[in-house]
Amino acid sequence: MRVIAGSFRSRTLQAPAGLATRPTSDRLRETLFNVLGPRIEGARFLDLYAGSGAVGIEALSRGAAEVVFVERAAGALKVLRANLARLGLTEHLTVVAGSVAGFLRNPGGQAQFDLVFLDPPYDAADEYTSVLDSLGGAAAGLLAEGAMVIAEHRRKEKLEDGYGALRRARLLQQGDAALSFYAANKAALALSLGAGGTSQ
C-alpha cells in the first residue's frame with residue numbers, strides 16, 4: 001500500500017498480516033478521496049476499524065486537521081503505530097485502542113467529526129447495522145453539522161438506504177467493493193454530493 005496524494009504522497013505503508021482485516025485498496029482509497037475532495041482540508045476525521053491506518057493517514061496527508069483512529073486488534077494496532085512512526089506522525093491524531101462500540105458509547109470528550117469512515121473486518125459484517133444505527137441515533141452527537149459517514153463494504157453486501165437520521169446520498173461500486181455515503185440532513189446531501197445516485 002502507499003499514500004496516494006498530499007504531503008506523504010507515494011510513501012509506503014505496511015498492512016496487517018492474515019485475513020482478520022481487509023486494507024482498503026489504493027484504487028478504492030483514491031476514489032474515496034476524489035469524491036470527498038476539498039472536504040478533507042481542515043476536517044476532523046474518524047477512522048473506525050482503522051486497521052493499518054491507511055485511510056486516516058491519507059486524510060492527514062491531504063490536510064485533515066485531526067484524525068482519530070479506533071482499532072482493537074493487537075496486530076493491527078502494532079502495524080498502525082508502525083506506519084505512523086515511519087511517517088513521523090505524532091501530532092493531530094489520536095489512537096484509541098478499543099472497540100468501535102465502546103468508543104461510540106464513550107468517546108471520551110471528543111469534539112464532533114466532519115467525516116467518519118468505517119470498514120469492519122470480514123467476520124464482523126453485522127456491525128454495519130449497529131454502528132450506522134448508533135451514528136444515526138444515540139451517537140449522532142459525534143457528527144458535526146453537515147457531516148458525512150462513509151461505509152466501505154462488499155458489493156454484494158446490501159446496506160440500507162437509511163439508519164436513523166442518516167440517509168444514503170451516494171453509492172459507488174468498484175470491483176467487488178462498494179462505498180456508501182450517508183449524511184444526516186438534506187442540506188448536507190445537497191452540499192456534499194449534489195443529487196447523489198449510484199455510480200458504477
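Which residues does E71 touch, not counting residues up to four places away in sequence? In this predicted model, E71 touches Y49, A50, G51, A76, L77, V96, A97 and G98, where contact means heavy atoms within 4.5 Å. Residues are numbered from 1 along each chain as its sequence is written, and side-chain values use heavy atoms, with hydrogens and water left out. Because the model is predicted, local features need pLDDT of at least 70 and side-chain atom pairs count only at pLDDT 80 or more, whereas totals for chains, interfaces and linings use all residues.

E71 is located in strand β2 and is buried, its relative accessible area being 8%. Buried means under 20% relative accessible area, exposed over 50%, and partly exposed in between (1.4 Å probe, protein chains only). Accessible areas come from the Shrake-Rupley method with a 1.4 Å probe; for residues, only the protein chains shown count as cover. Between the C-alpha atoms of E71 and Y49 the separation is 5.0 Å, although the two residues are 22 residues apart along the chain. Y49 belongs to the loop between β1 and α2 and is buried, with a relative accessible area of 14%. Y49 is not a glycine, yet has a positive phi of about 55°. A positive phi, near 65°, is also found for H92, a residue other than glycine. H92 lies in the loop between α3 and β3 (93-97) and, at a relative accessible area of 52%, is exposed.

The protein chain contains 6 helices and 9 strands. Helices (H or I, at least four residues) and strands (E, at least two) are DSSP runs, numbered from the N terminus. Of the 200 residues in the protein chain, 50% are buried. The accessible surface of the chain is about 9000 Å², and carbon and sulfur atoms account for 50% of this surface. Among contacts between residues at least 6 apart in sequence, 66% join residues at least 24 apart.

The largest nonpolar core has 35 residues, and L32, F45, F69, I150 and F181 have the most contacts inside it. A nonpolar core is a set of buried Ala, Val, Leu, Ile, Met, Phe, Trp, Tyr and Cys residues joined through side-chain atoms within 4.5 Å. Elements giving two or more residues to this core include α1 (26-36), β2 (66-71), β4 (113-118) and β5 (143-154). A second, separate core of 25 residues includes V116, V131, A151 and Y182. Leaving aside neighbours within four places in sequence, F69 is in contact with residues including D47, A50, I57, L80, L93 and V96.

Strand β4 is largely enclosed by the rest of the structure, because 5 of its 6 residues are buried. Strands pair if DSSP finds at least two bridges between them. β4 pairs with β1 (residues 44-48) in the parallel sense over 4 bridges, and F45 stands opposite L115 in β4. β4 and β5 also run parallel, joined by 5 bridges; L118 has A151 in β5 as its bridge partner.

In helix α5 (residues 127-135), the buried residues include Y128, V131, L132, S134 and L135. These cover an arc of only 160° around the axis and therefore lie on the same side of α5; the arc is that of the directions from the helix axis to the C-beta atoms.

Q173, in strand β7 (residues 166-174), counts as buried at 13% relative accessibility. The side chain of Q173 makes a polar contact with the side chain of R155 (3.2 Å). A polar contact is a pair of N or O atoms within 3.5 Å; within protein, one must be able to donate a hydrogen and the other to accept it, and residues adjacent in sequence count only if both atoms are side-chain atoms.
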